[in-house]
Amino acid sequence: MFKRHKFLASERRRELISPGATRSILKNDLRNFHSLSQFILAAGPLRSTPAVKHSKTTHFEIEILDAQTRKQICIVDKVTQKSTIHDVKQKFHKACPKWCPSRVGLQLERDLGQQVSWTTVFLAEYTGPLLIYLLFYLRIPYIYDMKESSRRLRHPVVHLACFCHCIHYIRYLLETLFVHKVSAGHTPLKNLIKSCAFYWGFTSWIAYYINHPRYTPPSFGNRQVTVSAINFLICEAGNHFINVVLAHPNHTGNNACFPSPNYNPFTWMFFLVSCPNYTYEIGSWISFTVMTQTLPVGIFTLLMSIQMSLWAQKKHKIYLKKFSSYMHRKSAMIPFIL
């Protein structure tokens, strides 16, 4: 189009030079304008050419350092802006398979406050309830009225409840020291405070009711106490044997295999559920609730059941991915239900 304009301009200049060409110039201009307007109309309205957008994805490299030694563990590459913490953990696990994603915490800052070891957390959680319950059982001064305590005799279930409660937490302490393979990592001090507040607080509430001078025994008497106490001891034994099986080297680490039942009848629960330790744990607290027939124990049992069901479902999903052939028709915690 622009070339044609230039050509017409040069032609017009040439015609202006020749004499007597004024009329022909006007005719040529009208003819050229008419043809130019027809060309524009035929071409349609002018449209702007869309700009080509090149999609460029920005990738980042993340340097993973040890929180204590500040030494580099590895570098995770090809991390995008839309990557989540889970994505970074999976890439980190591919680079360093010995680090389990569920046991790794990633943060921008080195220090998350004062840290304590997991062994310290578990020992504090279990030692506190053991001692607190004994303080209420001994009816130390300033807790109950001393005159009322001396006048009223304790029901046998009060002594049995103290025995069962102590057995439960002594087993926890011994397993923490000699059975469980506790992680060598650390956790913020606030987690220890929250755990201790939960266990110690509920233990104080439970022990206050059961050891109170006005405590009333279960409605169905000795039969209710005896049956629930036997079931409590069975669940405690089952929980211990399951923990021993889970602590076996074949069932820990990245190359672990799914725990299989052995000659011990308590381990046969593996045929039905994937987390029998939680099954026995809930069984113990339900038995303790029936044996003592107190509201605080019932509330504690309900909260523990909800929490352990969440843990069991989470572990069950992991087992389904790793050991799909062994998990056929298994439940997470409660046979045929959950």
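Colleague: Which residues of α8 are buried?

Modeller: This is a predicted model. In α8 the buried residues are Gln224, Val225, Ser228, Ala229, Phe232, Cys235, Glu236, Gly238, Asn239, Ile242, Asn243 and Val245.

Colleague: What do the buried residues of α8 pack against?

Modeller: Two helices, α6 (156–178) and α9.

Colleague: And how far apart are the end C-alpha atoms of α8?

Modeller: They are 38 Å apart.

Colleague: Is threonine 289 buried or exposed?

Modeller: Buried: its relative accessible area is 19%, and the cut-off is under 20%.

Colleague: What is threonine 289 in contact with, leaving aside neighbours within four places in sequence?

Modeller: Thr294, Val297, Gly298 and Thr301.

Colleague: Different topic. At what angle do α7 and α10 pack?

Modeller: About 150°, with the axes 9 Å apart. Here α7 is residues 189–210 and α10 is residues 295–322. Angles over 145 degrees count as roughly antiparallel, so that is how α7 and α10 lie to each other.

Colleague: Which residues meet there?

Modeller: From α7, Phe198, Tyr199, Phe202, Trp205, Ile206, Tyr209 and Ile210. On the α10 side they meet Pro296, Val297, Ile299, Phe300, Leu303 and Met304.

Colleague: How many nonpolar, polar and charged residues does the contact of α7 with α10 have?

Modeller: By class, 13 nonpolar, no polar and no charged residues.

Notes:
Residues numbered from 1 in each chain as written. Predicted model: local features only at pLDDT ≥ 70, side-chain atom pairs only at ≥ 80, totals over all residues. Heavy atoms only, no water. Buried < 20%, exposed > 50% of the residue type's maximum accessible area, 1.4 Å probe, protein only. Contact = heavy atoms within 4.5 Å. Helix = DSSP H or I, 4+ residues; strand = E, 2+ residues; numbered from the N terminus. Expected span 1.5 Å × (residues − 1). Axes fitted to C-alpha atoms, helices over the stretch in contact; angles between N-to-C directions. Parallel < 35°, antiparallel > 145°, perpendicular 65-115°, else oblique. Nonpolar A, V, L, I, M, F, W, Y, C, P; charged D, E, K, R; others polar.
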